[in-house]
Amino acid sequence: MNDMDDFIYSQYLVNYPKKREFEELFHAYQSPAQRDTYVNDTAMAAFYMLTRGMSIMGVMDKIIRENQDVFNDVESVVDFGGGPGTFLFALSKFKTLNKYTNVEWSGAFIDILNALVEKYLSSSIPQLHVDTISCSYLGMESKDIPKNDLSVFSYTLCEYDNSLVGISDLVENSNTVLIIEPGTPLGFNNVIQARDKLIENGFSVIAPCTASNGFCPLRNSESDWCHFIARLDRSRIQKHLKKGVLGYEDEKYSYLLMSKSPTHSEGKRIISRPNITKHSVSFDVCSEKSGHIILTKKENKDKFKTVKKSIRGSLYSE
Ligand SMILES: C[S@@+](CC[C@H](N)C(=O)[O-])C[C@H]1O[C@@H](n2cnc3c(N)ncnc32)[C@H](O)[C@@H]1O
(Lines give C-alpha, C1' and ligand atoms only; values in the text may rest on other atoms or scores of the structure.)
Protein backbone atom coordinates (compact mmCIF):
# COMPACT_ATOMS: atom_id res chain seq x y z
CA MET A 1 0.00 0.00 0.00
CA ASN A 2 3.08 2.24 -0.02
CA ASP A 3 2.26 3.55 -3.48
CA MET A 4 -1.42 4.27 -2.68
CA ASP A 5 -1.09 8.01 -3.08
CA ASP A 6 0.70 7.69 -6.45
CA PHE A 7 -2.05 5.34 -7.62
CA ILE A 8 -4.90 7.63 -6.50
CA TYR A 9 -3.25 10.72 -7.96
CA SER A 10 -2.54 9.17 -11.35
CA GLN A 11 -5.98 7.52 -11.64
CA TYR A 12 -8.21 10.38 -10.52
CA LEU A 13 -6.44 13.69 -10.07
CA VAL A 14 -3.65 14.28 -12.54
CA ASN A 15 -5.79 15.95 -15.20
CA TYR A 16 -8.73 17.00 -13.04
CA PRO A 17 -9.96 20.38 -14.30
CA LYS A 18 -12.04 21.63 -11.34
CA LYS A 19 -9.25 22.23 -8.82
CA ARG A 20 -11.13 25.11 -7.15
CA GLU A 21 -13.59 22.56 -5.70
CA PHE A 22 -10.72 21.03 -3.71
CA GLU A 23 -10.23 24.30 -1.88
CA GLU A 24 -13.96 24.52 -1.20
CA LEU A 25 -13.97 21.01 0.29
CA PHE A 26 -10.98 21.85 2.48
CA HIS A 27 -12.77 24.97 3.64
CA ALA A 28 -15.97 23.00 4.38
CA TYR A 29 -14.07 20.49 6.52
CA GLN A 30 -12.87 23.32 8.77
CA SER A 31 -16.41 23.55 10.23
CA PRO A 32 -18.19 20.46 8.92
CA ALA A 33 -21.40 20.87 10.93
CA GLN A 34 -22.06 24.29 9.36
CA ARG A 35 -21.01 23.60 5.77
CA ASP A 36 -21.94 21.08 3.09
CA THR A 37 -19.32 18.34 3.03
CA TYR A 38 -21.29 15.87 0.88
CA VAL A 39 -18.96 14.48 -1.80
CA ASN A 40 -20.63 13.39 -5.04
CA ASP A 41 -17.66 13.37 -7.40
CA THR A 42 -15.14 10.52 -7.55
CA ALA A 43 -12.17 12.88 -8.01
CA MET A 44 -13.22 14.80 -4.91
CA ALA A 45 -13.45 11.54 -2.96
CA ALA A 46 -9.95 10.66 -4.23
CA PHE A 47 -8.73 14.11 -3.19
CA TYR A 48 -10.25 13.54 0.27
CA MET A 49 -8.40 10.23 0.63
CA LEU A 50 -5.07 11.84 -0.24
CA THR A 51 -5.39 15.02 1.78
CA ARG A 52 -7.53 14.00 4.79
CA GLY A 53 -7.88 10.21 4.68
CA MET A 54 -4.11 9.56 4.73
CA SER A 55 -3.69 11.85 7.78
CA ILE A 56 -6.61 10.20 9.57
CA MET A 57 -5.06 6.83 8.69
CA GLY A 58 -1.95 7.99 10.58
CA VAL A 59 -4.11 8.72 13.64
CA MET A 60 -5.76 5.29 13.31
CA ASP A 61 -2.32 3.61 13.05
CA LYS A 62 -1.38 5.25 16.36
CA ILE A 63 -4.59 4.19 18.13
CA ILE A 64 -4.32 0.62 16.78
CA ARG A 65 -0.65 0.35 17.82
CA GLU A 66 -1.47 1.58 21.34
CA ASN A 67 -4.34 -0.94 21.73
CA GLN A 68 -3.10 -3.88 19.67
CA ASP A 69 -4.57 -6.52 21.97
CA VAL A 70 -8.05 -5.08 21.38
CA PHE A 71 -7.72 -4.83 17.58
CA ASN A 72 -6.12 -8.30 17.30
CA ASP A 73 -9.48 -9.81 18.24
CA VAL A 74 -11.42 -7.92 15.56
CA GLU A 75 -12.64 -10.00 12.60
CA SER A 76 -15.61 -7.92 11.46
CA VAL A 77 -16.12 -4.16 11.30
CA VAL A 78 -19.07 -1.88 10.57
CA ASP A 79 -17.74 1.55 9.60
CA PHE A 80 -20.41 4.29 9.84
CA GLY A 81 -19.59 7.02 7.30
CA GLY A 82 -16.49 5.02 6.39
CA GLY A 83 -15.83 7.16 3.30
CA PRO A 84 -13.09 5.63 1.11
CA GLY A 85 -12.42 2.88 3.69
CA THR A 86 -9.78 4.78 5.66
CA PHE A 87 -10.18 2.48 8.67
CA LEU A 88 -10.12 -0.71 6.55
CA PHE A 89 -6.75 0.25 5.07
CA ALA A 90 -5.36 1.32 8.44
CA LEU A 91 -6.35 -1.95 10.15
CA SER A 92 -5.22 -4.10 7.20
CA LYS A 93 -1.62 -3.01 7.89
CA PHE A 94 -1.87 -4.86 11.22
CA LYS A 95 -4.18 -7.81 10.64
CA THR A 96 -6.46 -9.51 8.14
CA LEU A 97 -10.19 -8.96 8.50
CA ASN A 98 -13.00 -11.25 7.40
CA LYS A 99 -15.76 -8.71 6.96
CA TYR A 100 -15.90 -4.95 6.49
CA THR A 101 -19.24 -3.15 6.03
CA ASN A 102 -19.27 0.54 5.14
CA VAL A 103 -22.53 2.39 5.87
CA GLU A 104 -21.91 5.28 3.51
CA TRP A 105 -24.33 7.50 1.62
CA SER A 106 -21.89 8.89 -0.94
CA GLY A 107 -21.56 6.75 -4.09
CA ALA A 108 -18.33 8.61 -4.95
CA PHE A 109 -16.66 7.39 -1.74
CA ILE A 110 -17.91 3.86 -2.37
CA ASP A 111 -16.35 3.94 -5.88
CA ILE A 112 -12.97 4.87 -4.43
CA LEU A 113 -13.29 2.23 -1.70
CA ASN A 114 -14.04 -0.47 -4.28
CA ALA A 115 -11.15 0.60 -6.55
CA LEU A 116 -8.69 0.59 -3.63
CA VAL A 117 -9.90 -2.77 -2.31
CA GLU A 118 -9.51 -4.27 -5.79
CA LYS A 119 -6.01 -2.87 -6.19
CA TYR A 120 -4.62 -3.43 -2.68
CA LEU A 121 -6.58 -6.07 -0.75
CA SER A 122 -8.49 -8.50 -3.01
CA SER A 123 -5.57 -10.77 -3.82
CA SER A 124 -3.63 -10.35 -0.56
CA ILE A 125 -6.68 -11.00 1.70
CA PRO A 126 -8.89 -13.38 -0.34
CA GLN A 127 -11.21 -14.12 2.61
CA LEU A 128 -12.07 -10.42 3.09
CA HIS A 129 -15.71 -9.68 2.30
CA VAL A 130 -16.36 -5.97 1.67
CA ASP A 131 -19.94 -4.82 1.75
CA THR A 132 -21.54 -1.39 1.49
CA ILE A 133 -24.90 -0.20 2.79
CA SER A 134 -25.65 2.89 0.70
CA CYS A 135 -27.82 5.04 2.94
CA SER A 136 -27.70 7.46 5.84
CA TYR A 137 -26.87 5.78 9.12
CA LEU A 138 -28.97 8.41 10.96
CA GLY A 139 -32.21 6.67 11.82
CA MET A 140 -31.00 3.13 11.05
CA GLU A 141 -32.18 0.46 13.46
CA SER A 142 -30.08 -2.28 15.01
CA LYS A 143 -31.92 -4.95 12.97
CA ASP A 144 -30.49 -3.35 9.78
CA ILE A 145 -26.90 -3.68 10.98
CA PRO A 146 -24.92 -6.93 10.77
CA LYS A 147 -23.47 -8.36 13.98
CA ASN A 148 -19.86 -7.25 14.23
CA ASP A 149 -16.82 -7.11 16.50
CA LEU A 150 -16.19 -3.39 16.08
CA SER A 151 -18.24 -0.31 15.14
CA VAL A 152 -16.27 2.67 13.89
CA PHE A 153 -17.30 6.35 13.64
CA SER A 154 -14.32 8.27 12.32
CA TYR A 155 -14.60 12.00 11.62
CA THR A 156 -18.27 11.58 10.83
CA LEU A 157 -20.22 12.51 13.99
CA CYS A 158 -18.83 16.06 13.61
CA GLU A 159 -20.71 16.48 10.32
CA TYR A 160 -24.17 16.96 11.92
CA ASP A 161 -25.47 18.51 15.11
CA ASN A 162 -27.79 15.62 15.99
CA SER A 163 -25.62 12.73 14.81
CA LEU A 164 -25.46 11.09 18.26
CA VAL A 165 -29.18 10.60 18.72
CA GLY A 166 -29.34 6.99 17.53
CA ILE A 167 -25.84 5.83 18.44
CA SER A 168 -27.02 3.34 21.08
CA ASP A 169 -29.07 1.46 18.47
CA LEU A 170 -26.25 1.58 15.91
CA VAL A 171 -23.77 -0.14 18.23
CA GLU A 172 -26.16 -2.67 19.73
CA ASN A 173 -24.69 -5.50 17.63
CA SER A 174 -21.04 -4.67 18.47
CA ASN A 175 -18.64 -5.72 21.20
CA THR A 176 -16.35 -2.74 20.73
CA VAL A 177 -16.76 0.84 19.54
CA LEU A 178 -14.15 3.26 18.20
CA ILE A 179 -14.97 6.94 17.78
CA ILE A 180 -12.45 9.40 16.35
CA GLU A 181 -13.19 13.09 16.01
CA PRO A 182 -11.16 16.20 15.17
CA GLY A 183 -9.17 17.34 18.23
CA THR A 184 -11.33 20.43 18.70
CA PRO A 185 -13.73 21.42 21.53
CA LEU A 186 -16.61 20.31 19.25
CA GLY A 187 -14.97 16.95 18.52
CA PHE A 188 -14.32 16.39 22.23
CA ASN A 189 -17.91 17.34 23.05
CA ASN A 190 -19.15 14.62 20.67
CA VAL A 191 -16.80 12.10 22.26
CA ILE A 192 -17.92 12.87 25.80
CA GLN A 193 -21.63 12.80 24.84
CA ALA A 194 -21.12 9.47 23.09
CA ARG A 195 -19.27 8.14 26.13
CA ASP A 196 -22.21 9.00 28.43
CA LYS A 197 -24.67 7.23 26.14
CA LEU A 198 -22.51 4.13 25.72
CA ILE A 199 -21.84 3.84 29.48
CA GLU A 200 -25.64 3.83 29.94
CA ASN A 201 -25.72 0.94 27.45
CA GLY A 202 -23.22 -1.17 29.41
CA PHE A 203 -19.97 -0.24 27.63
CA SER A 204 -16.72 0.48 29.54
CA VAL A 205 -13.89 2.72 28.38
CA ILE A 206 -10.69 1.06 27.16
CA ALA A 207 -8.97 4.33 26.13
CA PRO A 208 -8.15 7.13 26.57
CA CYS A 209 -9.99 7.72 29.89
CA THR A 210 -8.26 6.36 33.01
CA ALA A 211 -10.35 8.11 35.70
CA SER A 212 -12.83 5.74 37.31
CA ASN A 213 -16.61 5.90 37.64
CA GLY A 214 -17.15 7.85 34.43
CA PHE A 215 -15.39 10.95 35.82
CA CYS A 216 -13.78 13.30 33.27
CA PRO A 217 -11.39 16.00 34.56
CA LEU A 218 -11.76 18.01 31.33
CA ARG A 219 -15.53 17.83 30.94
CA ASN A 220 -16.14 21.27 32.44
CA SER A 221 -12.81 22.88 31.64
CA GLU A 222 -13.04 26.27 29.96
CA SER A 223 -9.48 26.29 28.67
CA ASP A 224 -8.74 22.72 27.58
CA TRP A 225 -10.35 19.66 26.08
CA CYS A 226 -9.21 16.05 25.77
CA HIS A 227 -7.20 15.72 22.58
CA PHE A 228 -3.98 14.18 21.34
CA ILE A 229 -1.56 14.87 18.51
CA ALA A 230 -0.13 12.57 15.85
CA ARG A 231 2.92 13.84 13.97
CA LEU A 232 2.71 12.46 10.43
CA ASP A 233 5.05 12.48 7.46
CA ARG A 234 3.71 14.07 4.31
CA SER A 235 4.38 12.45 0.95
CA ARG A 236 5.48 14.47 -2.08
CA ILE A 237 1.92 14.35 -3.47
CA GLN A 238 0.35 15.41 -0.17
CA LYS A 239 2.73 18.36 0.04
CA HIS A 240 1.79 19.36 -3.49
CA LEU A 241 -1.99 19.04 -2.94
CA LYS A 242 -1.93 20.80 0.43
CA LYS A 243 0.44 23.47 -0.88
CA GLY A 244 2.56 22.74 2.20
CA VAL A 245 6.25 23.32 2.69
CA LEU A 246 6.81 21.16 5.76
CA GLY A 247 7.54 17.47 5.37
CA TYR A 248 5.21 16.65 8.28
CA GLU A 249 1.95 17.73 9.86
CA ASP A 250 0.45 17.52 13.34
CA GLU A 251 -3.03 16.01 13.30
CA LYS A 252 -5.04 16.78 16.44
CA TYR A 253 -7.68 14.24 17.38
CA SER A 254 -10.03 13.20 20.17
CA TYR A 255 -11.06 9.57 20.47
CA LEU A 256 -12.83 6.90 22.45
CA LEU A 257 -12.42 3.13 22.47
CA MET A 258 -15.08 1.23 24.43
CA SER A 259 -15.97 -2.39 25.04
CA LYS A 260 -18.89 -4.40 26.40
CA SER A 261 -16.36 -6.45 28.39
CA PRO A 262 -14.94 -5.07 31.64
CA THR A 263 -11.71 -3.10 31.13
CA HIS A 264 -8.75 -1.99 33.21
CA SER A 265 -5.90 0.41 32.61
CA GLU A 266 -2.17 -0.04 33.25
CA GLY A 267 -1.65 3.57 34.37
CA LYS A 268 -2.99 7.11 34.20
CA ARG A 269 -3.29 8.91 30.84
CA ILE A 270 -1.25 12.10 30.49
CA ILE A 271 -3.70 14.75 29.29
CA SER A 272 -1.51 17.86 29.06
CA ARG A 273 1.76 18.64 27.35
CA PRO A 274 4.47 17.71 29.89
CA ASN A 275 6.45 20.67 31.18
CA ILE A 276 10.06 19.48 31.30
CA THR A 277 12.89 21.35 33.03
CA LYS A 278 16.40 20.18 33.92
CA HIS A 279 15.21 19.10 37.35
CA SER A 280 11.54 18.24 37.07
CA VAL A 281 8.71 17.11 34.84
CA SER A 282 5.07 17.98 35.48
CA PHE A 283 1.80 17.16 33.74
CA ASP A 284 -1.90 16.47 34.30
CA VAL A 285 -3.29 12.94 34.31
CA CYS A 286 -6.80 11.63 33.73
CA SER A 287 -7.71 10.81 37.30
CA GLU A 288 -10.61 11.43 39.66
CA LYS A 289 -8.22 12.86 42.30
CA SER A 290 -4.81 14.64 42.44
CA GLY A 291 -4.61 15.07 38.68
CA HIS A 292 -1.39 17.14 38.62
CA ILE A 293 1.87 15.21 38.91
CA ILE A 294 5.28 16.77 39.62
CA LEU A 295 8.26 14.48 39.50
CA THR A 296 11.74 15.70 40.41
CA LYS A 297 15.11 14.29 39.40
CA LYS A 298 16.21 14.49 43.04
CA GLU A 299 13.32 12.24 44.17
CA ASN A 300 13.87 9.44 41.66
CA LYS A 301 16.54 9.79 38.97
CA ASP A 302 15.62 6.65 36.98
CA LYS A 303 11.92 7.39 36.93
CA PHE A 304 12.59 11.02 35.96
CA LYS A 305 14.70 9.80 33.01
CA THR A 306 11.89 7.54 31.74
CA VAL A 307 8.97 9.87 32.42
CA LYS A 308 10.53 12.90 30.75
CA LYS A 309 10.20 11.05 27.42
CA SER A 310 6.40 10.95 27.87
CA ILE A 311 4.10 12.95 25.65
CA ARG A 312 0.43 13.91 25.88
CA GLY A 313 -1.40 10.59 25.60
CA SER A 314 1.29 8.39 27.21
CA LEU A 315 0.34 6.25 30.20
CA TYR A 316 1.98 7.16 33.52
CA SER A 317 2.39 4.47 36.18
CA GLU A 318 2.99 5.40 39.80
C1 LIG B 1 -14.93 13.26 6.94
S2 LIG B 1 -15.49 11.85 6.11
C3 LIG B 1 -14.75 10.54 7.10
C4 LIG B 1 -14.52 9.31 6.27
C5 LIG B 1 -13.80 8.20 7.03
N6 LIG B 1 -14.59 7.73 8.13
C7 LIG B 1 -12.46 8.67 7.49
O8 LIG B 1 -12.21 8.68 8.71
O9 LIG B 1 -11.63 9.05 6.66
C10 LIG B 1 -17.17 11.71 6.64
C11 LIG B 1 -17.86 10.56 5.94
O12 LIG B 1 -19.10 10.30 6.55
C13 LIG B 1 -20.08 10.14 5.53
N14 LIG B 1 -21.36 10.46 6.16
C15 LIG B 1 -21.65 11.61 6.83
N16 LIG B 1 -22.89 11.52 7.33
C17 LIG B 1 -23.39 10.33 6.94
C18 LIG B 1 -24.65 9.68 7.15
N19 LIG B 1 -25.61 10.25 7.85
N20 LIG B 1 -24.81 8.44 6.64
C21 LIG B 1 -23.83 7.84 5.93
N22 LIG B 1 -22.62 8.43 5.69
C23 LIG B 1 -22.41 9.64 6.20
C24 LIG B 1 -19.62 11.09 4.44
O25 LIG B 1 -20.19 10.79 3.19
C26 LIG B 1 -18.12 10.86 4.47
O27 LIG B 1 -17.75 9.74 3.75
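**Entry 1: the whole chain.** I reminded myself that this is a predicted model. I then looked up the secondary structure, and the protein chain comes to 10 helices and 13 strands. The radius of gyration is 20 Å, close to the 20 Å from the globule rule for 318 residues, so the chain is as compact as a globular protein of that length. Along the principal axes, I found that the C-alpha atoms fill a box of roughly 60 × 50 × 40 Å.

**Entry 2: where the ligand sits.** I noted 22 residues surrounding the ligand, and the closest are Tyr-48, Gly-81, Thr-86, Glu-104 and Ser-154. Sorted by class, this shell has 12 nonpolar, 8 polar and 2 charged residues.

Entry 3: For Gly-81, a polar backbone atom is 2.8 Å from a nitrogen atom of the ligand. For Thr-86, an N or O atom of the side chain is 2.6 Å from a ligand oxygen atom. For Ser-154, a polar side-chain atom also lies 2.6 Å from an oxygen atom of the ligand. Then I looked up how much of the ligand is covered: alone it exposes 590 Å², and the protein buries 98% of that.

**Entry 4: two backbone details.** Most residues other than glycine have a negative phi, and most peptide bonds are trans, so I looked for exceptions to both. Tyr-155 has a positive phi, near 50°. I placed Tyr-155 in the loop between strand 4 (148–154) and helix 7 (167–170). The peptide bond joining Ala-207 and Pro-208 is cis, with omega about 5°. Pro-208 lies in the loop between strand 6 (204–207) and strand 7 (228–233).

Technical notes: Residues are numbered from 1 along each chain as its sequence is written. This is a predicted model: local features need pLDDT of at least 70, side-chain atom pairs count only at pLDDT 80 or more; totals for chains, interfaces and linings use all residues. Side-chain values use heavy atoms; hydrogens and water are left out. A residue is near a molecule or strand if one of its heavy atoms lies within 4 Å of it. A polar contact is a pair of N or O atoms within 3.5 Å; within protein, one must be able to donate a hydrogen and the other to accept it, and residues adjacent in sequence count only if both atoms are side-chain atoms. Accessible areas come from the Shrake-Rupley method with a 1.4 Å probe; for residues, only the protein chains shown count as cover. Ala, Val, Leu, Ile, Met, Phe, Trp, Tyr, Cys and Pro count as nonpolar, Asp, Glu, Lys and Arg as charged, and the others, Gly among them, as polar. Helices (H or I, at least four residues) and strands (E, at least two) are DSSP runs, numbered from the N terminus. The radius of gyration is taken over C-alpha atoms; the globule rule is 2.2 Å times the number of residues to the power 0.38.
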